[in-house]
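Please keep the viewer open as you read.

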Amino acid sequence: MFIYIKYGYGRIILAVLSFMTMRSYPFLTAFLYGTSGFLDALDGHLARTYNQSSRFGAMLDQLTDRCTFMALLMCLSVFYPSWTFFFQMVAIIDIASHWLHLHATDLTGKTSHKSSDNPILNLYYTSKPTLFFMCLGNEAFFGLLYLLNFWSGPTFLSISILKIFAVLLFPIAAIKSGISIVHLITASQTVAEHDAKTHR
């Protein structure tokens, strides 16, 4: 548990600090937010390596992920008001799918929320490169939107390179939301099946 306290809670502190700086200090925010994300990956790796994984740790990890991402989306809604509906839908899909997925995991007595019979979710969770690529691409897309509010970055043929990367990363963010919808559907089916069994 010491490892989780050291890195997991440190990650939360850094995330909260990034919320405080998000409106006015983009590069400090990027450092704090990015370091928080790095500690997330490090925390999970160390917990598995030293056999310190726990239900509390998994729940807190998911909760921190969702809250951190929601804070970024809230800020982006302020920076890009015409895209508020887009950010709202991303937030709703993300929160609803992960909450129901965790609830379904608890109901079925599974020890990990990363186990699924759905082939898409199974690939997403069991293939570390896939999970890393999707999560990093999603965070990078929204992170670039955040930075672009303050700084257009270097240009190539008079086009912002940051904007080019944002456009290239958008499909990854869209697919990530699509996977969240799959989460939502499969978890809903699991909960409905559980209800049907308990009411027989």
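## Ground rules

Helices (H or I, at least four residues) and strands (E, at least two) are DSSP runs, numbered from the N terminus. This is a predicted model, in which local features need pLDDT of at least 70, side-chain atom pairs count only at pLDDT 80 or more, and totals for chains, interfaces and linings use all residues. Residues are numbered from 1 along each chain as its sequence is written, and side-chain values use heavy atoms, with hydrogens and water left out.

## A nonpolar patch

Phe-156, Leu-157, Ile-159, Ile-164, Phe-165 and Leu-168 make a nonpolar surface patch of about 630 Å². Helix H7 gives the most to this patch, with 3 residues. Leu-157 sits in the loop between strand E1 (155-156) and strand E2 (159-160).

Patch members have over 30% relative accessible area and no salt bridge, and nonpolar side chains (Val, Leu, Ile, Met, Phe, Trp, Tyr) are joined within 5 Å. Areas come from the Shrake-Rupley method with a 1.4 Å probe.

## Two salt bridges

How many salt bridges (a side-chain nitrogen of Lys or Arg within 4 Å of a carboxyl oxygen of Asp or Glu) does a search of the whole structure find? The search finds 2.

Methods: Patches are made of residues with over 30% relative accessible area and no salt bridge: like charges are joined within 9 Å, nonpolar side chains (Val, Leu, Ile, Met, Phe, Trp, Tyr) within 5 Å.
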